Amino acid sequence: MRSRNLPEESVAAVQAALGAEQAAIWVYGLVSAFLPEELAATVDEGATAHRNRRDETARLLADAGRKPRPPEPAYVPPEPVTDQASALTVLVLAETDTTVAWRAVLERTDDRGLRDSALAALTDGAVRATRWREQAGDTPAARAFPGRPGD
């Protein structure tokens, strides 16, 4: 995901994707207290994937001479997380938010490396969202067009 020259429109979208990754990391930390031990490895995998994507995105921005936006001190989920069901709901939302953000990057760049990375991030987030929907018993678990706002 190396690129030295990012158009302003791409920078804004990449910064938004970075913000979505930072929020997802926070969510994974929050939900770990509400999910059973058998999901701990899956939670750790998701959190690690988002940390790696966050770091890669921050490096991309720095390499382009842009300052990566710092994470918020905390995030407020749309509903309180109080049990397994609400934890799964917020995980799906966090993954969906990352797919929407990375789709926006795809729509705002012609840079092949950035497009490849954004597509990988969108795909990874869609797969994780599907797994969390399956865990929650949601149907359909997979979305036809991941990353489309409102899905």
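The expected span of a helix is 1.5 Å times one less than its number of residues. I start with that rule, and I keep in mind that this is a predicted model.

**Entry 1: H4, length.** I looked up helix H4, residues 112–136. Its 25 residues should span 36 Å at 1.5 Å a residue. I found the end C-alpha atoms 36 Å apart, which agrees.

**Entry 2: H4, burial.** Which residues of H4 are buried? I listed Leu114, Ser117, Ala118, Ala121, Leu122, Gly125, Ala126, Arg128, Ala129, Thr130, Trp132 and Arg133. Then I asked what covers the buried residues of H4. The cover includes H1, H2 and H3.

**Entry 3: H1 against H3.** H1 covers residues 8–31 and H3 covers residues 84–107. I read a packing angle of about 165° and axes 8 Å apart. Angles over 145 degrees count as roughly antiparallel, so H1 and H3 are roughly antiparallel to each other. The crossing of H1 past H3 is left-handed. By class, I noted 17 nonpolar, one polar and three charged residues in this contact of H1 with H3. On the H1 side they include Ala13, Ala17 and Val27. On the H3 side they include Leu91, Ala94 and Trp102.

**Entry 4: H1 against H2.** I turned to H2, residues 40–63. H1 and H2 pack at about 155°, with axes 9 Å apart. H1 and H2 are therefore roughly antiparallel to each other. H1 passes H2 in a left-handed crossing. How do the residues of the contact of H1 with H2 divide? I noted 11 nonpolar, six polar and four charged. Among them are Gln15, Leu18 and Ile25 from H1, and His50, Arg54 and Leu61 from H2.

Note on methods
Residues are numbered from 1 along each chain as its sequence is written. This is a predicted model: local features need pLDDT of at least 70, side-chain atom pairs count only at pLDDT 80 or more; totals for chains, interfaces and linings use all residues. Side-chain values use heavy atoms; hydrogens and water are left out. Axes are lines fitted to C-alpha atoms, for helices over the stretch in contact, and angles run from 0 to 180 degrees between N-to-C directions. Helices (H or I, at least four residues) and strands (E, at least two) are DSSP runs, numbered from the N terminus. Angles under 35 degrees count as roughly parallel, over 145 as roughly antiparallel, 65 to 115 as roughly perpendicular and the rest as oblique. A crossing is left-handed if the near helix is turned anticlockwise from the far one by less than a right angle, and right-handed if clockwise. Contact means heavy atoms within 4.5 Å. Ala, Val, Leu, Ile, Met, Phe, Trp, Tyr, Cys and Pro count as nonpolar, Asp, Glu, Lys and Arg as charged, and the others, Gly among them, as polar. Buried means under 20% relative accessible area, exposed over 50%, partly exposed in between (1.4 Å probe, protein chains only).
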